[in-house]
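View the model first, then read on.

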Amino acid sequence: MDSTKVTTSESVSKKKGKTKKLKQKIKTDEAPVQEMEQAEIEVTENKSESGACFPPTFSVSEIKNKQRRHAMFLKLKEEKRKAPPKEVPKTIENQRIYDETTVNPEDEEVAFDEGTDEFSAYFNRLTNPKVLITTSDRPRGRTVRFCEQLATMIPHAHVYYRRGLALKRVIPQCISRGFTYLMVINEDRKVPNGLVLCHLPDGPTAHFKVSSVRLRKEMKRRGKDPTEHVPEVILNNFTTRLGHSIGRMFAALFPHDPQFVGRQVATFHNQRDFIFFRFHRYIFKNEKKVGIQELGPRFTLKLRSLQKGTFDSKFGEYEWVHKRHEMDSSRRKFHL
């Protein structure tokens with residue numbers, strides 16, 4: 001009996017010793033897991049506070065669990081590799097100085113001015129545009145071809161040569177014959193370099209510098225010559241009061257209702273006070289894809305002055321004149 005009691009007590013003590021060893025192993029295994037959870041909590045707190053990820057206060061090598069240590073190491077390595085967010089590049093457009101004369105289309109004052117300005121008769125469909133295109137005295141071949149191509153692009157446009165007549169004598173004859181616009185192309189050294197656009201009969205008169213003129217023969221991959229259909233007109237980025245009046249002046253060059261069958265578009269795009277002109281044709285490849293084909297000519301305009309009334313170089317009243325020192329002092333200020 002005594003021997004059996006001794007054996008049973010020894011077996012019980014051995015089982016208790018095994019359970020204690022298992023509990024100690026479980027505790028040692030759980031310790032690194034708890035350390036990893038605390039480290040992750042600290043990393044997330046640092047992220048929420050500073051917006052960036054910083055390594056924990058303790059070293060990764062202190063984690064005894066190999067798999068947890070390796071995972072933590074990879075996680076910190078990936079966070080170090082992450083690049084900082086890219087900054088928005090500074091351009092002249094997004095650094096532009098705000099202009100107080102920026103037009104709000106829903107403004108009542110702007111709507112009243114549009115209803116009473118010189119172009120109100122055109123936008124109320126009381127008049128139809130009729131354009132007279134002429135040149136300076138003794139034009140060269142390039143300027144003559146440029147005028148002829150403008151006449152094929154603008155509906156109801158006619159080209160006449162001045163023959164030494166002054167503009168003050170040409171304007172009354174244009175008014176008596178029902179013309180609504182007088183367009184004068186000036187040249188220098190056989191190259192077109194200026195454009196005077198006079199709205200008849202009450203003005204205004206705008207003077208532009210012309211540059212980067214390319215005729216149809218000088219363009220690559222150009223389409224066929226434009227048809228007689230009335231094109232659409234697109235005006236981009238004419239946001240100020242001055243730009244709004246210039247945009248309305250360009251819009252009044254073309255008839256009211258465009259003929260979409262011709263698929264032709266005339267675009268006046270303003271960027272940094274340079275007005276880029278392009279003349280395109282739509283090309284429908286299928287039901288979803290549409291391409292454009294440039295027809296020409298192309299040129300760039302820069303506004304020099306805007307004068308009230310018709311052309312008068314001596315006694316005319318100017319609404320706006322381009323000043324050279326303003327452009328030199330601030331290149332971030334635009335007027336159109």
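Five bridges pair β1 with β3 in the parallel sense. Strands pair if DSSP finds at least two bridges between them. Helices (H or I, at least four residues) and strands (E, at least two) are DSSP runs, numbered from the N terminus. This is a predicted model: local features need pLDDT of at least 70, side-chain atom pairs count only at pLDDT 80 or more, and totals for chains, interfaces and linings use all residues. Residues are numbered from 1 along each chain as its sequence is written, and side-chain values use heavy atoms, with hydrogens and water left out.

β3 and β4 run antiparallel, joined by eight bridges. They form a hairpin with two residues between them, and Arg189 in the turn has a positive phi of about 55°.

| Residue | Stands opposite |
|---|---|
| Ile133 | Met183 in β3 |
| Glu187 | Pro192 in β4 |

Helix α6 (residues 167–176) buries Leu167, Val170, Ile171 and Cys174. Seen down the helix axis, these fall within an arc of 105° (directions from the axis to the C-beta atoms), so they line one face of α6. The face turned away carries Arg169 and Ser176, both exposed (over 50%). Cover for the buried residues includes β1 (131–135), β3 (181–188) and β4 (191–199). Gly178 follows α6, with a positive phi near 85°.

Notes:
Buried < 20%, exposed > 50% of the residue type's maximum accessible area, 1.4 Å probe, protein only. Contact = heavy atoms within 4.5 Å.
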